[in-house]
Amino acid sequence: MEAVKMMQTMTPDDTKPVNFTVKAPVYLQIGDTKADTAHSGVCVVDVNLPFGKPVNIEEVTFKNYYTAYVTVRLLRRNPEQEAPAKWCTALRDLPLMDNPHTERGSQDYYTIHRTQMQVEPDHVVCVRLILRQPSLAWLTFSLEDIKIFPHTEPDPEKEVSDWLSDLTLIDQHPDLEGLPDPQTVSSSIQQMWALTEVMQTNQTTASIGRFDVDGCYDISLLSLT
Amino acid sequence: MQQGNGIELSLTIAQIIQRLRGSHLHSQIERQAKECLHQPDVKLESLKEDVRSFLKTSGWERKLQNAVYRELQLPPRHPPAPPEHLKEPLAYMRKAQASWEKRVLKSLNSMSTELGVPLAHMRPAAEQKELTNKWNEMGTDEPDLSRFRPVYAPKDFLEVLIGLRNPNHDSSEDISARSHWGLIQVPLNVRDIPHLREAYSELNLTSGQMGIDDHALIHPAVLCTHSLFCLHLSCVVVMEEDSAAAQQYSRQGCPTGLRADLWALILNATNQPQDVMHYEQLKAGVIQHNLLVDNLIYKVSYIYLTPPLLFSQVLLCFSRDTAVLEHFKYNSATPPKSYIQGEIISVIPFHGFSMYVAPLCFLYNEPSKLYNVFREMYIRYFFRLHSISSHPSGILSLCLQFERLLQTHLPQLFYHLRQIGVQPLRLAFKWMVRAFSGYLSTDQLLLLWDRILGYDSLEVVAVLAAAVFAFRAENLMEVTSLASAEAVLADLSTLKVMPLIQVFLFATAM
């Protein structure tokens, strides 16, 4: 069933999120002097993945705190090529709140799966989350509890669920103690059942007929024809 | 949420399967499937298809569809989210609800101490026997209730709602940016008339409504055809036992004779043997134990002129129904429970909730059926009217919606009332918190509740409150005091709800 398959390919509970360091969120300000700054409603959060170990991302999860839109940018380094790492946009302006001025979605949990991203999130070195909250209604906004889960290739031999392969065929014969062999019994029952099926479908109105010979039921006189 | 649709769908499917697995319906269908194997037209080669078509023709597939439909009404579970978040996503609301509950429980406990009556005690055997004999006369006997007072009044609850603040809300910009004239200070998402027109399109002025358009003023020929058509349609819906169709149908009102069946269908409130048994168990609980709240229930039942015995029976049983606790998984409210000999035996009802039962007594005369329908209605809708949450059908959203509708579409009236020191919400709150029960005439109330079920939302209650103000606007503009404003709005018993709502939604100048 598709739903079950979905559960299997989704991040299983025992996949650990990647360890990373999150730099302090940088709230962009407008204005030159410190006294004159106004909140721009934009914040940048950089997530640095472990140095020397680029990650193939399966999904990113987080809890919202009054952020209206999030843009996800990835710094990818292709291991084969010697080229420097490049930034690309994986998701632009994903709405987290229906309406930036009202509560809906403001504290919800979100998951961004790799299939929702516009580029393949492989060999990622750094993830940059650009948060936007244009409304004046809120004092602050951010994302909490950011987790990044690595992509794991499904083991082809384990396509079938573990429990199925754990089943062993019991082929030792049970102790019958004088009873007939179950296999023979079941096959003869099956034959009988099939016969009754045939009888049911081929019901006729003709009488069964009597097995008498010249009006006599004496068993020794029963004809074998 | 803008998640990948395929992923979201598969997740929902998996969750529904999990919820239905192990349910009574699941075992019934399994049993039916096994039994149908005896049938001759079920063949081994085409076993799967044959069993499926058997389940379809025997109506079991429909029952499963209804169950799935009901599950879809519940919010989807998002994997990383903890259970309390599922109930209520906003942390400050959860906190407010928890402290409100503590307050109510404290009040109940102090009443118990003050009166010297324990919250719960086991009845002596003689008393139990007497109650069993008098069960069907309950309600005609009036115990001395003068010492008991309600646990809290609606206006106490309103004060709590008014005082709610989001700690992250910037109120310094309040006056210039939003200029909200009302009392509710929480910025919840509420719909305005253009959105409401879309959502409630079946109520528009050109659609026939039960209760208006089957009135005698219309030409008999037209009346007959329309009514007959509606009646026929509703019969078909009931016979087909289709919950979703019943819900859609209810949006234009239910014919009186079929309302009971249609509501039961929409709520999927079956009256199976195990439901009757459950009810009998609850009844036994009532006879065995006397609860403090029972006295509060007796007290209220005399206000409403309904068959009192049915009313009391249902309420007393409800307060003991711990299966109701199961629903509180989807609601951040945790009802106070009382213990007898270490066992949880009751959900302590909140004041006034008996008003939710009374109208149902006019529809159902079988206690266990009435009980099941009431319980479903309570856990889907009515509990939201006395708990603090951000849900669109929650009382907080309804209050805000009422105020916004009034300020946007009747600004002169709102302004005038504020000038004389009257906040409109203080007048309308008691109507909304009881879903208008006790204020409208019963037939009108049932037409309103048809729409609550039909649209699966209590929004229509807020819309009606605003519509009543619109209707009485002229008189209200003349008043100069709170008392006279209250007098203008005191008697709603002559109002016809559907024309009011229709005019307010579809004839208001934009």
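Let's start with B:Ser397 and what surrounds it: apart from neighbours within four places in sequence, B:Ser397 is in contact with B:Leu188, B:Val190, B:Ser390, B:His391 and B:Pro392. Contact here means heavy atoms within 4.5 Å. B:Ser397 sits in helix α20 of chain B, and because its relative accessibility is 1%, it counts as buried. Buried means under 20% relative accessible area, exposed means over 50%, and partly exposed is in between, with a 1.4 Å probe and protein chains only. Helices are DSSP runs of H or I with at least four residues, strands are runs of E with at least two, and both are numbered from the N terminus.

A word on the ground rules. This is a predicted model, where local features need pLDDT of at least 70 and side-chain atom pairs count only at pLDDT 80 or more, while totals for chains, interfaces and linings use all residues. Residues are numbered from 1 along each chain as its sequence is written, chains are lettered from A and ligands numbered from 1 in the order in which they are written, and side-chain values use heavy atoms, leaving out hydrogens and water.

Back to helix α20, residues 395-409 of chain B, which also holds B:Cys399. Is B:Cys399 buried or exposed? It counts as buried, because its relative accessibility is 0%. Not counting residues up to four places away in sequence, B:Cys399 touches B:Ile184, B:Leu425, B:Phe429 and B:Met432.

Now please look at helix α27 of chain B, residues 497-506. Eight of its 10 residues are buried, so the helix is largely enclosed by the rest of the structure. Among those buried residues are B:Val497, B:Gln502 and B:Phe506. What do the buried residues of α27(B) pack against? They pack against our friend α20, and also α10 (193-199), α23 (442-455) and α24 (459-471), in chain B.

Helix α13 of chain B, residues 256-266, is largely enclosed too, because eight of its 11 residues are buried. B:Arg259 and B:Trp263 are among them. After α13(B) comes B:Asn268, with a positive phi near 50°.

B:Trp263 turns up again in the largest nonpolar core, which has 144 residues. A nonpolar core is a set of buried Ala, Val, Leu, Ile, Met, Phe, Trp, Tyr and Cys residues joined through side-chain atoms within 4.5 Å. Those with the most contacts inside this core include B:Trp263, B:Met432 and A:Val127. Helix α24(B) gives the most to the core, with 10 residues. There is also a second, separate core of 12 residues, including B:Leu25 and B:Phe54.

A:Val127 takes us over to chain A, where its contacts beyond four places in sequence include A:Val45, A:Leu74 and A:Ile148. Chain A has three helices and nine strands. Of its 225 residues, 32% are buried. Among its contacts between residues at least 6 apart in sequence, 74% join residues at least 24 apart.

Finally, the surface. Which residues make the nonpolar patch of about 390 Å²? They are A:Trp193, B:Leu37, B:Leu44 and B:Leu47. Patches are made of residues with over 30% relative accessible area and no salt bridge, joining like charges within 9 Å and nonpolar side chains (Val, Leu, Ile, Met, Phe, Trp, Tyr) within 5 Å. A salt bridge is a side-chain nitrogen of Lys or Arg within 4 Å of a carboxyl oxygen of Asp or Glu. Accessible areas come from the Shrake-Rupley method with a 1.4 Å probe, and for residues only the protein chains shown count as cover. A:Trp193 is in helix α3 of chain A, residues 182-201, and is partly exposed, with a relative accessible area of 43%.
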